[in-house]
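I opened this entry to record what I looked up in the model. The notes follow the order in which I checked things.

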Amino acid sequence: MISITVTALVFGVIFLAELPDKTALAGLVLGTRYRASYVFAGVAAAFLLHVVLAVAAGSVLTLLPQQIVHAITGVLFLGGAAMLLLQKHEDEEEIKKPADQSFWKVAGTGFMLILVAEFGDLTQIMTANLAARYNDPISVGLGATLGLWAVAGLGIVGGKALMKKVPLRLITQIAALLMLGLGVWSLYEAIAG
């Protein structure tokens, strides 16, 4: 059964953490050069694969004693908050244009870009942490996938407009604050448990 609360929490954390990420910018660049639906298909497939791997890793963590899981996830959430606050935003990276605009070429470019760029990325680690924390792989996987897809869609379709209205620094600070809160709560549970 799917928990709407866990799904919504995971969606919010992953959405905010991914929004200032380099892959949102990459999606924006691809979306300005190619058919948006083709780009989204490739990007969405890569994100889905990453979520499945992250949830599987997080589910393995649930085999450990609960206090250890809370301690590990607490430290990783705090590390994620620190990474968000300390990261520097680089200019868009150049993405090679495929020779043709066919679905498979464009979707394949989007898939490979996200597959490589996101492997071991903060949001993948956060997804594993959330899967371990809530021991609800379906709700966590759904929330993370929808959060990543929402950012990809925004980046591909309307990233420039969003960034003009909401400063990237503010989005990053909100995501870091959420992760800081989750980290402190997890560490509290590890100590109190």
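Before checking helix length, I noted that the expected span of a helix is 1.5 Å times one less than its number of residues. I also noted that this is a predicted model.

**Entry: helix α3.** I took helix α3, residues 36–61, which has 26 residues. From its first C-alpha to its last, α3 reaches 37 Å, close to the 38 Å expected at 1.5 Å a residue. I then asked which residues of α3 are buried. The list reads Tyr38, Val39, Gly42, Val43, Ala44, Ala46, Phe47, His50, Val51, Ala54, Val55 and Gly58.

**Entry: overall fold.** I counted 8 helices and 0 strands in the protein. Along the sequence the pattern is α-α-α-α-α-α-α-α. I found 44% of the 193 residues buried. For contacts between residues at least 6 apart in sequence, I noted that 92% join residues at least 24 apart.

**Entry: surface.** The protein exposes about 9,900 Å², and carbon and sulfur atoms supply 71% of that area. I looked for a nonpolar patch on the surface and found one formed by Ile2, Ile4, Phe11, Ile138, Leu142 and Leu146. Together these residues have about 540 Å² of accessible area. Which helices each supply at least two residues of the patch? They are α1 (4–18) and α7 (137–165). The largest share, 3 residues, comes from α7.

**Entry: Ile4.** I picked one patch member, Ile4, which lies in helix α1. Is Ile4 buried or exposed? Exposed means over 50% relative accessible area; Ile4 has 65%, so Ile4 counts as exposed.

Definitions and conventions
Residues numbered from 1 in each chain as written. Predicted model: local features only at pLDDT ≥ 70, side-chain atom pairs only at ≥ 80, totals over all residues. Heavy atoms only, no water. Helix = DSSP H or I, 4+ residues; strand = E, 2+ residues; numbered from the N terminus. Buried < 20%, exposed > 50% of the residue type's maximum accessible area, 1.4 Å probe, protein only. Contact = heavy atoms within 4.5 Å. Areas by Shrake-Rupley, 256 points an atom, 1.4 Å probe, with all protein chains shown as cover. Patch = residues over 30% accessible without salt bridge, like charges linked within 9 Å, V, L, I, M, F, W, Y side chains within 5 Å. Salt bridge = Lys/Arg side-chain N within 4 Å of Asp/Glu carboxyl O.
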